[in-house]
Amino acid sequence: MSRLEALKPLGLLVLRLALGAILIAHGYPKLFTQTAGMIGFFEKIGFPAWTVYLAGAVEFFGGILLIGGLLTRLAGLLVAGQMAVAVLKVHLKNGLTGQGGYEYPLLLSCAALALVTVGAGLISLDRLIFGKNA
């Protein structure tokens with residue numbers, strides 16, 4: 001078990017990199033390439049147009065922060081909240097699995113919450129800037 005414990009910083013880094021990359025990939029279109037289409041979708045499900053930019057910013061910039069391990073707990077909390085809204089407002093009616101199901105945003109929310117509870121780990125800007133207890 002001590003060998004596995006020694007790998008914890010690497011495990012947290014891998015989790016941050018994967019989650020961050022996914023979030024950037026989903027946030028980029030909302031902010032830069034498919035904004036008009038996303039605004040239509042958001043309005044259709046009852047959100048004002050400006051929330052597309054909020055969602056895109058949380059995903060895109062939150063992903064960047066998670067990759068670097070900077071302000072990880074805050075970024076994770078914002079991402080977890082956003083994914084919870086996605087589950088409740090968009091995916092829940094489709095069931096857990098299948099087309100449009102909530103399994104994917106649920107998993108993203110849980111991964112983000114894990115980072116909120118344990119932090120970024122040793123291999124992070126949080127550790128470098130804020131020290132041991134970040």
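A residue is called buried when its relative accessible area is under 20%, exposed when that area is over 50%, and partly exposed in between (1.4 Å probe, protein chains only). By that rule, both Lys-30 and Glu-59 are buried in this structure. The structure is a predicted model, in which local features need pLDDT of at least 70 and side-chain atom pairs count only at pLDDT 80 or more, while totals for chains, interfaces and linings use all residues. Residues are numbered from 1 along each chain as its sequence is written, and side-chain values use heavy atoms, with hydrogens and water left out.

**Overall architecture**

- The protein chain contains 7 helices and 0 strands; helices (H or I, at least four residues) and strands (E, at least two) are DSSP runs, numbered from the N terminus.
- Read from the N terminus, the order of elements is α-α-α-α-α-α-α.
- The C-alpha trace extends over about 50 × 30 × 20 Å along its principal axes.
- Of the 134 residues in the protein chain, 36% are buried.

**Salt bridges**

- A salt bridge is a side-chain nitrogen of Lys or Arg within 4 Å of a carboxyl oxygen of Asp or Glu, and the count by this rule is 2.
- One of them joins the side chains of Lys-30 and Glu-59, at 2.9 Å from N to O. This pair links distant parts of the chain, since Lys-30 belongs to helix α2 and Glu-59 to helix α4, 29 residues apart.
- Lys-8 and Glu-5 also meet through their side chains in a salt bridge, at 2.7 Å from N to O. Lys-8 counts as partly exposed because its relative accessibility is 44%, and Glu-5 is partly exposed because its relative accessible area is 48%.

**The largest pocket**

- A pocket is found on a 1 Å grid over the protein atoms alone: it is an open set of points with protein on both sides within 12 Å along at least five of seven lines, whereas a cavity is a set of points where a 1.4 Å probe fits but cannot get out. Lining residues have an atom within 4 Å of a point.
- The largest pocket holds about 700 Å³ of space; grid points are joined across faces, edges and corners, and a volume is the space filled by probe spheres set on the points.
- Among the 33 residues that line the largest pocket, Lys-30, Glu-59, Gln-82, Met-83 and Ala-86 are the closest to its centre.
- At least two lining residues come from each of α2 (8-33), α3 (35-44), α4 (51-68), α5 and α6 (103-118). Helix α5 contributes the most, with 9 residues.
- The lining comprises 20 nonpolar, 9 polar and 4 charged residues. In this classification Ala, Val, Leu, Ile, Met, Phe, Trp, Tyr, Cys and Pro count as nonpolar, Asp, Glu, Lys and Arg as charged, and the others, Gly among them, as polar.

**The nonpolar surface patch**

- Patches are made of residues with over 30% relative accessible area and no salt bridge; like charges are joined within 9 Å, and nonpolar side chains (Val, Leu, Ile, Met, Phe, Trp, Tyr) within 5 Å.
- Leu-71, Leu-74, Leu-78, Leu-125, Leu-128, Ile-129 and Phe-130 form such a nonpolar patch, with about 700 Å² of accessible area together. Accessible areas come from the Shrake-Rupley method with a 1.4 Å probe, and for residues only the protein chains shown count as cover.
- Helices α5 (72-91) and α7 (125-130) each provide at least two residues of the patch. The largest share, 4 residues, belongs to α7, the helix in which Ile-129 is found.
- Leu-71 is placed in the loop between α4 and α5, and counts as partly exposed because its relative accessibility is 39%.
- The phi of Leu-71 is near 55°, a positive value in a residue other than glycine. Most residues other than glycine have a negative phi.

- Gly-76 lies in helix α5 and is buried, with a relative accessible area of 0%. Gly-76 and Thr-117 are 41 residues apart in sequence and 9.1 Å apart in space, C-alpha to C-alpha.
- Gly-11 is part of helix α2 and counts as partly exposed, at 40% relative accessibility. Between Gly-11 and Ala-36, the separation is 25 residues in sequence and 38 Å in space, C-alpha to C-alpha.
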